[in-house]
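Let us walk through this structure together, one place at a time. Keep the picture open beside the text and look for each spot as it comes up.

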Amino acid sequence: MKLHEYQVQHILKTYGVPVPDGDVATSVDEVRHIAERLGGRVVLKAQVLTGGRGRAGGIRLTNDVAEAERLAGTILGMRIQGYPVSKILVDEALEIEREVYLGMMLDRHLGQPVIVASAEGNVEISRVEREMPERVRHIPVDPLLGLRTYQVRQLADDIGLEPAQRRAFVQVAMGIYRAFAENEALLLEVNPLVICSDGRMVSLDARMIIDDNALLRRRDLAELRDETQETAQEQLARRYAINYVSLNGEVACLANGAGLAMLTMDLLRARGIHPACFIDLGGGAGAERVRVALQLAMSDHPRLILLNVFGGATRCDAIAEGLLATCDELHVPIVARFDGWNAQRARDLIAGHCSADKIYLAASSEEAVERAATC
Ligand code: GDP
Ligand code: MN
């Protein structure tokens, strides 16, 4: 789950990381009040869960309250990459001397967190890594020992900070590390971390992704979710515990279990077929969840639906019932493969209610994909 900048800055502040003075607003009036309190020289920042805010006109610097009000009117209600702007962060404008990058993330190859720093700030870090890998430093962090001060000092040298800035940098890095670890984040990046002309080191912009698996035990974090930043499809998928990713291809790919879903996608791609979506029904899916999953699949306008089920914790006949209950609304051919628990019962149910033109029953994943390619 992604958090808004203002939410991350709030968390960082509680971990001792300096952030700009400011507050979040949902109306022009609130923007005016905050801008007045901050003395008029402020930055208005659209709060949307996507990048490219600056280019879209979602970040504006101003010197006076009246202009802040006027700009707020244009920013509120804007859409940035399809995401509606309903909140603006109003921050004091800072005199920036230098911008760097500092982040914590999980390195899936190392299987542990890494701290990443770059002498370039206000950048897309993955692009810098591709184009100027020598400008980015990674240091693995042992989760049992935590981030060590000597590691942070090393990073400070690597990105060319002055010795006088080390102490502030250590405080910021330790704060970021603790905020990352204690809130079960997958990513926490400060981009840019700025050094101001008065010498302060401040997190100017921050991004954080919380591990969805942590949200069950962390209601406080779960409550930070902003549903206005999700599509109707994403909301539906989450309510029904369906793992859904909309893609741009032609065949909707549904399976139970992420592994089987990925295998099915690979088989499709090997035949030159682009999936219209990725749907993992999850373990123990019942008829209702299948009905919703098929509805999601149809929202991607596929020319065919491919349903690949291996019944382990899931009963194949329950899935078949969900399929039969929806199949009149699905105006595309369906290819289904059932194996495992109650597979024969599922096939009998479908054969008894439906023609093979409407739902083709394949005996294997390979045959199902073959049929999808030629049908
Ligand atoms: P992003 O483009 O969505 O990542 O938004 P950021 O908050 O990172 O801002 C992008 C850039 O705008 C920063 O890297 C700065 O160069 C500039 N900027 C943002 N806030 C301020 C500020 O208070 N003062 C000055 N001078 N520049 C700012
Ligand atoms: Mn940024």
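Gln 229 sits in the loop between α7 and α8 (232–239). In this predicted model, is Gln 229 buried or exposed? Its relative accessible area is 5%, and because anything under 20% counts as buried, Gln 229 is a buried residue. Its side chain reaches out to the backbone oxygen of Pro 84, at 2.9 Å. If we set aside residues up to four places away in sequence, Gln 229 touches His 4, Gln 47, Val 48, Leu 49, Tyr 83, Pro 84 and Glu 234.

Now step back for a view of the whole protein. It has 375 residues, of which 49% count as buried. The secondary structure comes to 13 helices and 19 strands. Along the principal axes, the C-alpha atoms fill a box of roughly 75 × 45 × 40 Å. Among the contacts with a separation of 6 or more, 68% are between residues 24 or more positions apart.

The largest nonpolar core has 42 residues, and the members that touch the most others are Leu 12, Leu 102, Ile 115, Phe 169 and Ile 176. Several elements supply at least two residues each, including α1 (5–14), β8 (96–107), β9, α5 (149–158) and β11 (185–196). Which element gives the most to this core? The answer is α6, with eight residues.

Ser 118 belongs to strand β9 (residues 112–118). Ser 118 is buried, with a relative accessible area of 0%. A polar atom of the Ser 118 side chain lies 3.2 Å from the backbone oxygen of Arg 135. Beyond its neighbours within four places in sequence, Ser 118 is in contact with Val 100, Tyr 101, Ile 125, Val 128, Arg 135, Val 136 and Ile 159.

Next comes a metal site. Which residues coordinate the manganese ion (ligand 2)? Asn 191 (O) and Asp 205 (OD) do, at 2.2 to 2.3 Å. Asn 191 lies in strand β11 and Asp 205 in the loop between β12 (201–203) and β13, so the pair ties together parts that are 14 residues apart in sequence. Asn 191 counts as buried, at 13% relative accessibility.

Asn 191 also brings us to some backbone details. Most residues other than glycine have a negative phi, and most peptide bonds are trans. Asn 191 and Pro 192, however, are joined by a cis peptide bond, with omega about 10 degrees. Pro 192 lies in strand β11. Glu 184, in the loop between α6 and β11, has a positive phi near 50 degrees although it is not glycine. Glu 184 is partly exposed, with a relative accessible area of 25%. Another positive phi, of about 50 degrees, belongs to His 301, which is not a glycine either. His 301 is found in the loop between α10 (287–298) and β17 (304–311), and at 68% relative accessibility it counts as exposed.

Terms used. Residues numbered from 1 in each chain as written. Chains lettered and ligands numbered in written order. Predicted model: local features only at pLDDT ≥ 70, side-chain atom pairs only at ≥ 80, totals over all residues. Heavy atoms only, no water. Helix = DSSP H or I, 4+ residues; strand = E, 2+ residues; numbered from the N terminus. Buried < 20%, exposed > 50% of the residue type's maximum accessible area, 1.4 Å probe, protein only. Polar contact = N/O pair within 3.5 Å; in protein donor to acceptor, adjacent residues only side chain to side chain. Contact = heavy atoms within 4.5 Å. Core = buried A, V, L, I, M, F, W, Y, C linked by side-chain atoms within 4.5 Å. Donors = N, O, S within 2.8 Å, 3.2 Å for Na, K, Ca; no water.
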